Every structure is written in C-alpha cells, then in structure tokens.
Amino acid sequence: MKDMLEIRWHARAGQGAKTASYLLAETAMEAGKYIQAFPEYGPERTGAPMKAYTRISDKPIRIHSQIYNPDVVVVLDKTLIGKVNVLEGLPSDGIIIVNTTQPPEEIREQLGISDRKIYTVDATGIALETIGRPIPNTPMLGALIRVVPIISLDEVLNQFRKKFEGRFKPEVIEGNLQAIKRAYEEVKGE
Amino acid sequence: MKTQIKRIAIEGNEAAALAFKQVNPDVVAAYPITPSTEVVQKFSEYVANGEVDTEFVPVESEHSAMSACIGAAAAGARVMTATASQGLALMWEMLYIASALRLPIVMSVSNRALSAPINIHGDHSDAMGARDSGWIQIFSENVQEIYDNIFQAVKIAEHPDVRLPVMVGYDGFITSHSEEMIEILEDDVVRNFIGKYKPKYTLLDVDNPIAVGPLALTDSYFEFKVAQAYALENSLPIIKQVGKEYGDLTGRYYDVIERYRTEGAEYIIVAMSSTVGTAREVVDTLREKGLPVGLLKIRVFRPFPTEDIINALKDAKVIGILDRSMVPGSFGGPLYHEITSAFYHYEKRPIAQAYVYGLGGRDITTQHIEKVFEELIDIGKKGKPNPLTYIGVRE
Amino acid sequence: MAINLREIALKEEKLVSGHRLCAGCGASIIVRMVLNAIDEPVVVANATGCLEVATTIFPFNAWNVPWIHSAFENAAATIAGVEAAYKALKRKGEIDREIRFISFAGDGGTYDIGLQALSGAIERGHRAVFICYNNEAYMNTGIQRSGATPRGAFTTTSPAGKAIPGKPQKRKNLTEMMVANGAKYVAQASPSHWRDLMEKVKKAVNTDGPAFLNIYSTCPRGWRTPDNSAISIARLAVETGVWPLYEVENGKYKINYKPPKGFKPVEEFLKVQGRFAHLLKPENAHILEEFKKDIEEEWKRLLSMEEATNK
Amino acid sequence: MKLPGWKELVNIGPIVPAQTSKEYKTGDWRTFRPEIDYSKCTTCLFCWLFCPDSAVKFDGQKVYIDYDYCKGCGVCAAECPVKAITMKEEEK
C-alpha cells in the first residue's frame, strides 16, 4: 500500500457523509495516524449529490488538493449509481463499498466492470432498525473499517461515543454503535 | 520550555475560533460570511456558554464590524474579528483607518474570491485587495498554522513598537473547511505567551481626554503616513522574534519566509498558503529523481520581507511565482510584481516566470506543479520567461 | 432634573474655543448644550462632517471629552464598539467609572449613509445616545440634498430651477423610524427650546438602552440666513410646526410644545431663509401648498399618536 | 504650534490631547464685535448658553466676551432678552 490512504465518500447532502469522513479521520488520529478530511462544498442543499474525502497517513499530510485517485470509494446512496460517476479515478485494484440490499455481483453488473473489489451492506436497513432513521453514515463507516482495517472496530466505537456524548441522546448513541457493529459484521464482498 | 502536547482534529475555521477563545479577547465584533462563518458561529457558542469573557457584538455588516472593532480598540480593549471576500471588501475603508489609527486588531480571513461572478471558494483576491491597507498580513499553510498564527498575531499587533492590525489569512474551504490534526496549547500557556494587553492610550481614560482620528491636512497627513509605513516595515524583526519565541514554546518555529529544499536548487517555486503543502510533495518527488528544485513559502506578505526573499532566491536559475489572484491589465500577480521589483537593482537575479492559478478555488494538483517545474527547466534552457501563464484554465 | 444655568456655566467647557466652525453655527451650540446637560463623564464618537472636520484640525482639538472619529457612515457602530469595550473592561474590573456614550452625526451621517449602522446599533441595544444634528443637507461638502432636506428647499443638488424648483420630495421621517427601530427613548428637540433640549438629553443618557435625539441645527451658510439667526430660525421652525418638539418614551408619545394660539404662518419661517426664497413666488404656490400639507399631516399624526398612546 | 516630523509619530497614531484648539485664536475672523451694556445685563446667561464658540464666559458674577475667540456671529446679541448686547463694527 502507498503511504497514504485516500477515501472518497458519495452521498446526498444530509446523509452524513461529512460526519462519517470526519469520524473516520478522528478515529485514525486517535490511533496515531495523520489525517485530513474535507467535504466538497457548493451551494447545493439537502438532497443534492455531494462528495466528502478522507486522507489517512503514517506521515504528516501536506497535500491540499482534492482526491482524484481514491483507494476506496464509499457510496452512501445506491441511487447515485448511474447518476454520478462513482468509479471516477478509482484504480483497477480500488475498492468500492455500496449501501444496498443487493449482493456485490449485482452491483458489479450494474457498474459494468470486471476489476476493482466490490462490497455491499444494507446500511439504510441497519440504520432504520438500530437508530430508527435512514441515516446510513455510521453503518457505512463500520463496513469500511472491516474492508480496510486501518483502525479497529473498538477504536471507532470509542471515538463515536466520545464525539457525540452529550450532543446526542444515549439511545441515539447506542443505536449508532449498534449500527456500526452490525454493518461491520454484515458487509459482504464477492 | 516544551509544554505537554495535546492533539485534536479540527477544521480550519474552528481552529481559528478556538485560538480566539484561548486569547479571550475583550471584544469581538463580527459578521458572518462564507467561508469564514464558522469562526463567528463557533465563537458565539463560546460566548453563549460563558467560556469567554468577551463582549460579542453581532453587527449588521462587515463595515460596522471593523468600525466597532476600531471603537473598541481605541477604548483600550483587545479586539478580534473574522471575515472573508466581499466582507473584507466592504471593510476596505475601515481597514485603512484601523491601521492608521494604530489599533492592534487581529482578524482571521478565510481567503475567498471576489465577485463577480460570485464564487465562494478560495483565492487570494480579497487579501491582495487589502495589501496596501497598512495591515500586517500573515498567510497560513494548514490548520495548525492558522491556530499558531493567531496567537503570534496578537503578540505582534500589540507590541509597543508595532501597534498595527494583523490579518491572518488561510485558504477558504481548502483550509477553512478541512479537518486536520493540530497540536493545541493550554489556556494559561497562551495567556502567558500573549501577556496582558497594555494600551498606549484609551478613550475610557476620561480624566485625560484625547481625540482619536483628527483631521490632518496638507501640513501633517504625510508625516502620519510615513510614520505608519515605517512602523509596518519595522515590524519585520518583531514578527521574526515572536515566531522564534513561539517556537521555543511549542517547537514550531516561524519565520517570515520558509525555504523548503532550496539549498542548491536551480528551479524554485514561490507560493503562499495551502498550495505550499502540495508543492512540498512535488519538490520531494523531483528531488528523489535528482532534479535541483526547491520551494519558497511566503508566510508574511506585509511587511514584504524583501531581503529574506532575495537571499532565498538569488542563486536560483529560474523561479516560478505562483499568484492565487490577478492584477488585471498587468503582466503578473501581486507576488510576481513585488519579487521582480525587489530584484531590479541586483545584477545577479533569477529568471522569473509569472503564474496565476487557482482563482475561485480551482484546484491545484501535484501534476500542475510538476508541470510548472518542467516549464521552469525549459525556460532555463531558453534563457527567457514565457508570458504570464494561467494554470488549469480552459482555453 | 432641574437645569441651573448658573451652576453649569461655572463648570469646565466640554467643547472649547478655537474650533473652526462657521460663525453662528448651530451645531456647536447644540454640542455645548448636550454636553453641558450631562453630569457623568462621556465619550463621543463623531461622524465625518462639519462638526468633526472643524473641531479637530491637527494638532488642534476643541474637545474636552474623549472623542473618536473614524469615518462618515459609522459613528453609531464606532460608539457601539467603545461601549462594548467599556462593558467588557468593566466586567473584568479594569474600570469602575460610570461613563456615558454619545455619537454625533449630521443628517447625512444619520438619515442617509449612516442609517444602517445606526439601525443595527439600536437593534442590538447598546447603551448610547445617538444624536443627529440636523441641518437638513450635506453642508460639509457644500450644501447637497439629503434625506432630511425638506420639500422645496434649495440645495446645490436640488437647485431651484425652472423645471424643478428645489427638492421635489418631502424629508424622510427618521425620528419615527427610530421609534419603530426600537430605540428606548426618542425625541425631537431644538436649541431654541434649550430647557426642553437639555432635559431630553438627561433623559436620554439615563435611559438604560439606546436613545435617539434629532436636533434641529441651523446652518447660516447653507440656509442662506444671517450669522446671528441660529436660534431665532430654530425657534420659528418650532413655532410654525415645521419642527415639532416631541418625545417617545416606552412607546408613549408626548408633544412638548403646543402653541397656545396655533402655529404661526409657515411663511414667517420661509421668508427669512434664502433656501426657500423661490417658494414664495406665485409660480411655486403649489409647492408651498404641499409644504404646508406635509406639516399639517405630521402634526395630525403626532396628535393622534399622543392620544392613542396615552389612553 | 510646532508640527511634528514623522519620526516623532512612529509610536503614536493621529491622536491629540484635549483643548489644544485654544491655541488657535478665531477672534480675528470677526468683523462685528459684541459689547455688553452691564447696566442692562441681568446675567440670564443666554448669551453664554447660545454662543457657538464658547467665547462668552461667566465668572460667577458677570458674563464677559473672550475676544480671542469670538467670531462676531451676533447670536448673543440677537438672543439677549434685554438687548444688553450690541454689535459694533470692528475698527481695523
């Protein structure tokens, strides 16, 4: 692997991709990594397709340009496929993780690709069952750290609790922790 | 003395707000504007939660923001504010007055393009529009530097031999909305570093009334302006001294410029703010390939560190000067003009190539910068520069 | 709150001699009256204008109170900053004096270019007295029309031409705007009615919040009147109904001057001023009628507001 | 008053102490001169109150004009309720 892991998050504004990208960065930082996370800003409002980025490295991160060749693409909303080029710049050994009820094979078919690694998880379903709202960001984070084990599940859970304690009700925090855990367990690759 | 290191992940604007909080100024008068809004927003939270002793004045415009800052600073308060772009432009009139009245106001500026067309993203047009306003201008490469520069700005501004306002710039969105890891200081360390503010005069000394801002006619305006210009020029060694003191405290030393791998470099790129970080990557890559390339970061644009820059560049063969703003109708950006003018009287000087890039937040990548170095090498062979070159614009 | 001139006249002057306002200027009379009415120490912010320019020509300073000028449109924002600093420093125990804050601006710096800053400062509730010395045009730059210039008046940008004889529009009712803006104490005053003016100043500085005073300020040069007319014309303005004296305290209107025998004919006010000379010509009778109608309407409105708010 | 050179201003902005305008005598702007007839004066102080130039003084007993500063506008004479002040042409 190269020095730096670069991740691109695809979502609709309001689905929490920025939060997930930051949470991942913060957890990685707690684990001793250097980090950078930033969303792509525009005048778009809730519902519009958006992107967020995370960089994680063992060395200080100095680069300030956007990410053009991510190692991992995380798609928080399956309906974006076909509308947004989620594969843009993703190299042939890149990883794509999609929030969907469909198995990876079907997604591969839809994307029309033979290379790259594809993973899927029903993050929205998990979120509805655990948090009670269709917010797929935290389960997708759980799936991501399973596929790319840069940080441990416990580290993510602890960081989530730390970041949101006092800001969210205990049951919301608990729901999110459950969501992360379940997605971590349920993510499927080909 | 090294203090205990505490690391946090934080966005640029929030780092600025955190620094404001730790300074705990007497007055903050500010108006929100993208991409600086979070500074004001976050600071309002500190005020609402009683975490600062500051009198927060949520003014109705940036013009009034700077006006209220001027009133408060003249009343002897430690004063801070934040803005960007159109907000800075609306303050333009008051910027000159703040500096001429010698008021040590500290302002964070999330540098953003100027309208029209309206654009919310990062470039240096706003700051360069204010370059002649008599403020000290410091630019930050990353989130850590925003945080560090604000404390230094307070100390520089209030230094008895300076007493001038300071703006701390950083790239809108690119740095203002980027979460990075920074090392932060304890509150008491900050307060010891900046010290207690002792104003030279105050409107609130009602037993010794003064008039601040009288009319100065043909017989005295000139003297005031020369005195002010001298004070600004004279702040350069103080900025260096404060940067060193800050380094002794934190291990992070600051100078007015930073040379990155310029030793033996024949081709040097000159840049400011976040682009410097990206350029470092390219310099490292090319150096590994054996190419004699280097990078000069301009941290302080006002006062212009002429001598430092000349010394850093005079042995290069070709320099590429990267401006993130333009001077329409002229042959280069502001940085290009100043650097080439500075070399005018020197026999030995590099060939200088003017670049304008990144307007309205247009991304600059390592590939762009690699291409610049390729061009500089070509220019070296040719012996003369190309016309002003725009990076990453469609023809 | 009795005003004793003998006592006040023995106190130190707050605006001293040697300033370079015109002979007979109404503004400096007003400033002296205002500052003489206040017992507490004050800090003054001054908008760009005649008063500012003529009182602080470096190295000369006619003020005997702390004073700041920064620009034209922002006296209210500037004094807001001073007041904020005072509050912060007082809270921190750095200062223990009771200090009052005043901004002086002309009608340009109040009605027009300074309106936004003034409105914001009042909305935020700064404890300061915002004073307009209202000479009904931009005098500092040479008598140009402002939003305060009355209908029909000559100014250098509303000249009395054949096609358009003077300013076509009536003045904006800034005093009412300040009431609507939420100033806690609002008043119109005239230096001719000095006791009324000084009492209003006392009320204004003792108001725990923003107060606004609109004070009629004769400009002999701009109004084309004799040098000795500052007070007599201001008095005529009150006695003809051109400048009603009233105050609004906690939403209650009080008219401070009601002529026992009715208002004097407005011609008495107009005929002594060169700026209105053309209004008395037969061909401009229709403008004179409108001028009178403006006065009548405002007076009726004030009477009804007084009645409505004092039930 | 001696005007400062720039070197004197390096550590101070445009700031002036109070009351320095007293060094600027505006009395020579005057073409008419107010004179008080003390036989008529009631010391009502209106002349003091209405003077735009703070040039009417009160010493606790009587009012007097400070001709160093009086610009001769005549407001005092116009407003004197007992006509105790007359404006007389200055003799140059």
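**Where chain D meets chain B**

Trainee: How many salt bridges are there between chain D and chain B?

Mentor: A salt bridge is a side-chain nitrogen of Lys or Arg within 4 Å of a carboxyl oxygen of Asp or Glu. Between chain D and chain B the count is 0. On the side of chain D that touches chain B, there are 11 nonpolar, 3 polar and no charged residues (Ala, Val, Leu, Ile, Met, Phe, Trp, Tyr, Cys and Pro count as nonpolar, Asp, Glu, Lys and Arg as charged, the others, Gly among them, as polar).

Before we go on: this is a predicted model, where local features need pLDDT of at least 70, side-chain atom pairs count only at pLDDT 80 or more, and totals for chains, interfaces and linings use all residues. Residues are numbered from 1 along each chain as its sequence is written, chains are lettered from A and ligands numbered from 1 in the order in which they are written, and side-chain values use heavy atoms, leaving out hydrogens and water.

Trainee: Which residues of chain D lose the most area to chain B?

Mentor: Buried area is the accessible area (1.4 Å probe) that two parts lose on being put together, summed over both. Here that's about 1,500 Å², with 70% from carbon and sulfur atoms. D:W6, D:N11 and D:P14 lose the most in chain D, together 40% of what that side buries.

Trainee: How many residues does each chain bring to the contact?

Mentor: Contact means heavy atoms within 4.5 Å. Chain D brings 14 residues and chain B brings 21.

Trainee: In which sense do strand β9 of chain B and strand β1 of chain D pair?

Mentor: Strands are DSSP runs (E, at least two residues), numbered from the N terminus, and two of them pair if DSSP finds at least two bridges between them. β9 (residues 210-212) of chain B and β1 (residues 15-17) of chain D are antiparallel, over 3 bridges. There, B:A211 stands opposite D:V16.

Definitions and conventions. Helix = DSSP H or I, 4+ residues; strand = E, 2+ residues; numbered from the N terminus.
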